[in-house]
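Visitor: Hi, I've got a structure to look through. Can you walk me through some of the packing?
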Amino acid sequence: MSAPVLPRVLQGATDRPLTLAQHEAMWGQWRPRRDLLDELDRAGLTGRGGAAFPTATKARLLRDQHARKKFVVVNAMEGEPASHKDATIAQSNPHLVLDGALSLATAIGASHIALCVAREKASMVNHFERALRERERRGSLGVVVEIHTPPGRYIAGEESALVHWLDDNETLPQYRPQRPSILRIGRAPVLVDNAETHAHVGLITRWGAEWFRSIGTAQSPGSMVVSVSGAVTRPVVLEIALGTPLAEVLAAARADTDPQAVLLGGYGGSFLSAEHLSTPMANEVLRPLGASVGAGVIVVIPRAACGITETHNIVRWMAHESARQCGPCAFGLPALAEDLAQLVTGGRDAAAALTRMSERSDVIEGRGGCRHPDGVVRLLRSALQVFAADAHRHAAGQPCAYAGRSRFATVPRLELENDLVWE
Amino acid sequence: MKRRHEKLFLRVDPILCDGFGHCAELAPDIVDVDEWGYPIIKDAPLDARRDASLASANLAVRGCPRQALWIERIANTN
Ligand code: SF4
Ligand code: SF4
């Protein structure tokens, strides 16, 4: 059997998930790997959920915890409205995710695996349940594997909120002044990794670090699953080698290749102006530009769109998604959304609103219990930079023809305050 | 470790804090409030020699009705 170049985790992707037999015909049987954490280190795998933290480092921290009971949590919540990568992986090969979870559980000595999927995503839940039943029919897995279905809010996928829910049925983030910190269910320490990260671990368990590094850049090795939406023929999910220039990704996704900007990472990510389209998708190059690959979200903003309006749309939704535990987030984010609303219409208060939102951003940053507000501030600041000319035109009372019509950065319908479900 | 090798910072847990701003009254030299009434703590370390700032920080810690404040000690590495 020879290892494929690309796709990797999306290999065999159709709209029907691979059965266990098909999965094994393609990848061979899963066997634990004794040197897994060293291999992950050599592979240079980083988390694909957004933070890009080295997977091996986090796993070692958990391996070194002495506890009778430990958990591996698969975070497949995917609360980013523009992200569909985890759903696509679940619908092409859920077994690969299970392989990765089993590998990590063996490596850190975990007794439990908790696979978390938003309860609203019925087909995703289904795919994982079917895959798990197939495995269990085969014989004991050696660990307890359970599928959990918390309510699928944006913040429910934040790892401390997810663990909070597993521990105590509340999808509210926990305050963690020190990082990295160890999250717990009861007294049991927990290792949380994104579903895609687990899938890559499943492959590294089989093929090793050298294979993993055969694509990607030296500092960002391997592949990543990205979700391209906005100005596209239709939204697509595809697997790219890290380091692929953005322009090539847009072409492959049949997106508008002459946009004014792209939103990178997620709704707490950054806008990047079109002049940077030749930039490779790799954090070592993106970070100096204030951006990152994040969770692989790419929203294409065409020239015929109002960046300020798109930003307002996102910020208003993100404000709504605040867990409302902390003042600067619960009151600050709606205030930013309100400032943006005034800038969009370009009315009498627009110029003052523009100044105010920058000042408020400085006040809000770093003062939340989790990093939700920091993501919003990052997005807003990048928007004011990339769409600076537009912002000033709006402030001067001359919004463009597209103002007020957000069509590219789509968000779910805002729920009524009383309908919010936290548990 | 001797005290002068540490830096002291007043910290707030934003999830516990209810934003009534009692701390800003108890330690006005260290704590400001934002427009929504939530504390903004000065970034500089508390001055242990200038007793006033440490004393008022302690006052704030003891006076916080939500026990959201504490003093963090960070060892000086140099
Ligand atoms: S910062 Fe916002 S989202 Fe995070 S814990 Fe506080 S209120 Fe919740
Ligand atoms: S006294 Fe405590 S609860 Fe009140 S504003 Fe200050 S930190 Fe928050």
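Guide: Let's go over the nonpolar cores, one histidine and a pair of helices. This is a predicted model, where local features need pLDDT of at least 70, side-chain atom pairs count only at pLDDT 80 or more, and totals for chains, interfaces and linings use all residues. Residues are numbered from 1 along each chain as its sequence is written, chains are lettered from A and ligands numbered from 1 in the order in which they are written, and side-chain values use heavy atoms, with hydrogens and water left out.

Visitor: How many residues are in the largest nonpolar core?
Guide: That core has 89 residues, and Val228(A), Met281(A) and Ile298(A) have the most contacts inside it. A core here is a set of buried Ala, Val, Leu, Ile, Met, Phe, Trp, Tyr and Cys residues joined through side-chain atoms within 4.5 Å; buried is under 20% relative accessible area, using a 1.4 Å probe and protein chains only.

Visitor: Which helix gives the most to this core?
Guide: Helix α13 (residues 332-345) of chain A, with seven residues. Helices are DSSP runs of H or I, at least four residues, numbered from the N terminus.

Visitor: And what's in the second core?
Guide: That separate core of 45 residues includes Ala56(A), Leu98(A), Ala110(A) and Val145(A).

Visitor: Switching topic: is His198(A) buried or exposed?
Guide: His198(A) is buried, at 0% relative accessible area. It sits in helix α8 (residues 195-212) of chain A.

Visitor: What does His198(A) touch?
Guide: Beyond residues up to four places away in sequence, its contacts (heavy atoms within 4.5 Å) include Val72(A), Leu96(A), Gly100(A) and Asp193(A).

Visitor: Which residues of α14(A) meet α15(A)?
Guide: Among them are Leu354(A), Met357(A) and Ser361(A).

Technical notes:
Helices (H or I, at least four residues) and strands (E, at least two) are DSSP runs, numbered from the N terminus. Buried means under 20% relative accessible area, exposed over 50%, partly exposed in between (1.4 Å probe, protein chains only).
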